[in-house]
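Dear colleague,

Please find below the structure that I am handing over to you, together with its sequence. My findings follow it.

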Amino acid sequence: MNPLDIPLATSGTFGELRSNHFHSGIDLKTQKREGLNVYAAASGRISRIKVSRFGYGKALYLTHPNGYTTVYAHLKKFAPEIEAYVKKKQYTKESYQIELFPKSESFKIKKGDIIGYSGNTGGSGGPHLHFEIRDSSARPMNPMSFGIDVKDSKKPIINSVWVYTLGNNTHVNGHQKPQRLTLSPQKDGTYTASKIHAIGNIGIGISTIDQQDLTTNKNGIFSIETFVNGQKNFSLEMNRFSFAETRYINRLIDFSYYKQNSSRISKLFIERNNPLSIYKDVLNKGVITIQDSLSYSITIKVKDFKQNTSTIVIPVDGKQVDNVIKNEILKTPYYAKPSQNFTYSANGFNLLIPKGSLYEDVFLDITTKGDTIKVHNSKTPLHKKMTLVFDVSKYTEKDRKKLFIGRVNNRKPPSYQTTSKKGSKFSLRTKSFGTYGLFSDTKKPTIVPINVADKKWMTQAQYLKLKINDSETGIFSYRGTINGKFILMEYDYKTGMLVYDFNDKIINASENKFKLIVLDKVGNKSTYEATFFRKP
């Protein structure tokens, strides 16, 4: 059954193209509200509960008798019995963030039971319910296949269509660079591309989205098929995938184009080092061979789950040309292959890119200046983490405590990277090329009281609220106490709000001493103290 009792509208569909991953569920809109009842989609037991400042925020996992699991994320609160269980564990651990695996008999749930209330916790960009169905191997499956019905009578929207050359002797309209095609709408609702002239192996790329009836969100599509002269040569379908393969989305899309233009082009052909399981009915890896003096008709069909279809026809003439404008390749001394480790050591830096990190051979652009190193550029994807080591032996022990590795962003402060410190060696592990350097953070976090103040009466207040922030390395930890006792404070990193609920009933005195300690990621500490009054 539907996990919400309102007309369903999606702000995200299954398999939708996201940064470094496919969307593993559907995002159900909650009418811009929080606190809507969230229902168990099927009977089962609560097998996992996770509370995190980031990611899924407050999330419940229900395991069902057939081995499937449903996931409910970004919740505001859990149902009362579950909420009490979680809070007890949080207070025992003295931590807001927690992951629990209740015993099988602890929380038996029937289909339709209220298990929580919708919210905006974690990495949510607005109030909604993220809902997943996973199979017995923990692979996400399309909830639409299980009767989760969303009204949709609109065809997918085609943003652009591209043709790629896949060989040194290939050209499209005299060029080896990808060519964007001009599309003309036809009376029957299809599109026809302008005729292209080509020779050799080519591949098709497409940028497309879908919209449902009750929302204007730009969602993902369900399937794409291509045909050459009426014969199917490629298809992909968003029905199921594994978390282990989801980062290969960066092999599906034109990653470089996305980084430069913030638009994702799906390549309708399979390049090496691409093991995605979403493909089917693929002929010759989706590559289309164009021969001289022959004519071809390439058809693309884009469908949503309700089978609303947008069709594009591309006419192709095989035609050799004398002067082909070829791609220019910037050659450097640093040549890396997917099948080999790549190492670099110079000027106080050590770099390891393990084999399997790259999808194709590449000349790396590596330069250093002082405490900064440029490791290629963000237009090339990394599948595994590279390790970058900085020699900090020239700094004193005192200075090292405030140093961190940051990523250099154009016209923005450096973004903190998780920094491992071992003696005179600082290191980071990252899946992103870019420019990294050493920086110092000597500023303390800020604490701004919202409704608490020294000598204030707070009998009528349900919550104790403050805002915390650290503009350089970010908040690492916080700890609040009242009269020396730990209190559970919920932190929303998106707003900086830190909240304690007096309903937790940790205090029963009239005069109460509140203390909050906040640390940033290099150990700078701020403390706020106030004595407030409250009738027991």
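How many aromatic pairs does the structure hold? The structure, which is a predicted model, holds 22 aromatic pairs.

Tyrosine 68 and phenylalanine 146 form an edge-to-face pair, with 6.0 Å from centre to centre and 85° between the planes. This pair links distant parts of the chain, as its members are 78 residues apart. Tyrosine 68 belongs to the loop between β7 (58-63) and β8, whereas phenylalanine 146 belongs to the loop between β13 (140-141) and β14. Both residues are partly exposed: tyrosine 68 has a relative accessible area of 25%, and phenylalanine 146 has one of 40%.

The second pair is formed by tyrosine 91 and phenylalanine 486. Its ring centres lie 5.6 Å apart and its planes meet at 80°, so this pair is edge-to-face. Here too, distant parts of the chain are linked: tyrosine 91 is in helix α1 and phenylalanine 486 in strand β43 (residues 485-487), 395 residues apart. Are these two residues buried or exposed? Tyrosine 91 counts as buried because its relative accessibility, 19%, is under the 20% limit. Phenylalanine 486 is likewise buried, with a relative accessible area of 11%.

I turn now to the pockets. The largest pocket has a volume of about 1900 Å³. Its lining is made up of 43 residues, and those nearest the centre of the pocket are Ser256, Asn327, Glu328, Ile329 and Glu360. Two or more lining residues are given by each of β14 (157-165), α2 (249-252), α3 (255-261) and β30 (362-364). Which of the elements provides the largest share of this lining? That element is α3, with four residues. By class, the lining of the largest pocket comprises 18 nonpolar, twelve polar and 13 charged residues.

The second largest pocket has a volume of about 790 Å³. It is lined by 33 residues, and Lys58, Lys76, Tyr463, Glu490 and Val499 are the closest to its centre. At least two residues of this lining come from each of β8 (69-78), α1 (80-93), β41 (463-469), β44 (489-492) and β45 (497-501). The largest share, five residues, is that of β45. Helix α1, which holds tyrosine 91 of the second ring pair, is thus also among the elements that supply this lining. The residues around the second largest pocket divide into twelve nonpolar, eight polar and 13 charged.

Glutamine 417 is located between β35 (412-416) and β36 (420-422). What is the surrounding of this residue, beyond its neighbours up to four places away in sequence? Glutamine 417 touches Ile405, Gly406, Arg407, Leu428, Thr430 and Tyr436. Its side chain also reaches the backbone oxygen of serine 415, at 3.2 Å. With a relative accessible area of 16%, glutamine 417 falls under the 20% limit and is therefore buried.

With kind regards

Conventions. Residues are numbered from 1 along each chain as its sequence is written. This is a predicted model: local features need pLDDT of at least 70, side-chain atom pairs count only at pLDDT 80 or more; totals for chains, interfaces and linings use all residues. Side-chain values use heavy atoms; hydrogens and water are left out. On a 1 Å grid over the protein atoms alone, a cavity is a set of points where a 1.4 Å probe fits but cannot get out, and a pocket is an open set with protein on both sides within 12 Å along at least five of seven lines; lining residues have an atom within 4 Å of a point. Grid points are joined across faces, edges and corners, and a volume is the space filled by probe spheres set on the points. Ala, Val, Leu, Ile, Met, Phe, Trp, Tyr, Cys and Pro count as nonpolar, Asp, Glu, Lys and Arg as charged, and the others, Gly among them, as polar. Buried means under 20% relative accessible area, exposed over 50%, partly exposed in between (1.4 Å probe, protein chains only). A polar contact is a pair of N or O atoms within 3.5 Å; within protein, one must be able to donate a hydrogen and the other to accept it, and residues adjacent in sequence count only if both atoms are side-chain atoms. Contact means heavy atoms within 4.5 Å. Rings of Phe, Tyr and Trp (its six-membered ring) pair if their centres lie within 6.5 Å; planes under 30 degrees apart count as stacked, over 60 as edge-to-face and the rest as tilted.
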